[in-house]
Amino acid sequence: MSAVAPNPALLNGRWQVSTLNGTPVPATDSTRAAHLIFDSATGHLSGFTSCNRLMGSYTATGNTLSFGQVGSTRMACLGPNVEQQLLAVLNTPSLTYQISADNQLTLLSGATPVAVLTRAAQ
């Protein structure tokens, strides 16, 4: 994986969650897929946990990424979902990130990848 130099503006857009803590996230229809949407102009984060909508803020400085208060709706979730794992990743302190040339976003805790996301088609 060839990494692109850190540039917070490259986070802009929708990223679908592919793996969490090394475990593949099952592919679901696009309306139920876990994803994050970054807006570097406002520092706003939104998305979907595979069960509930989420919203909050983030700060990207160099290759460091931190999330502010992240909240979610409270719908009852039927069937398997990755909500708790995704929220736990967003609460991990001292995350760094890498964006590869093939549009994969990797969130790392130390040297350990905790989430891999793929840029959604525009």
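**View 1. Ser94 in the loop between α1 and β8.** Ser94 sits in the loop that runs between α1 (83-90) and β8 (95-100); helices (H or I, at least four residues) and strands (E, at least two) are DSSP runs, numbered from the N terminus. The model is predicted, with local features requiring pLDDT of at least 70 and side-chain atom pairs counted only at pLDDT 80 or more, while totals for chains, interfaces and linings use all residues. Residues are numbered from 1 along each chain as its sequence is written, and side-chain values use heavy atoms, leaving out hydrogens and water. Although Ser94 is not a glycine, its phi is positive, at about 60 degrees. Ser94 is exposed, with a relative accessible area of 62% (exposed is over 50%, buried under 20%, partly exposed in between; 1.4 Å probe, protein chains only).

**View 2. Asn103 in the loop between β8 and β9.** Asn103 belongs to the loop between β8 and β9 (104-109). This residue, other than glycine, has a positive phi near 65 degrees. Asn103 is partly exposed, at a relative accessible area of 35%.

View 3. The loop between β5 (44-48) and β6 (53-61) holds Asn52, which is buried, with a relative accessible area of 2%. Beyond neighbours within four places in sequence, Asn52 is in contact (heavy atoms within 4.5 Å) with Gly47, Ser72, Thr73, Arg74, Met75, Cys77 and Glu83.

**View 4. Polar contact of Asn52 with Thr73.** The side chains of Asn52 and Thr73 form a polar contact of 2.8 Å. A polar contact is a pair of N or O atoms within 3.5 Å; within protein, one must be able to donate a hydrogen and the other to accept it, and residues adjacent in sequence count only if both atoms are side-chain atoms. A polar atom of the Asn52 side chain also lies 3.4 Å from the backbone nitrogen of Arg74.
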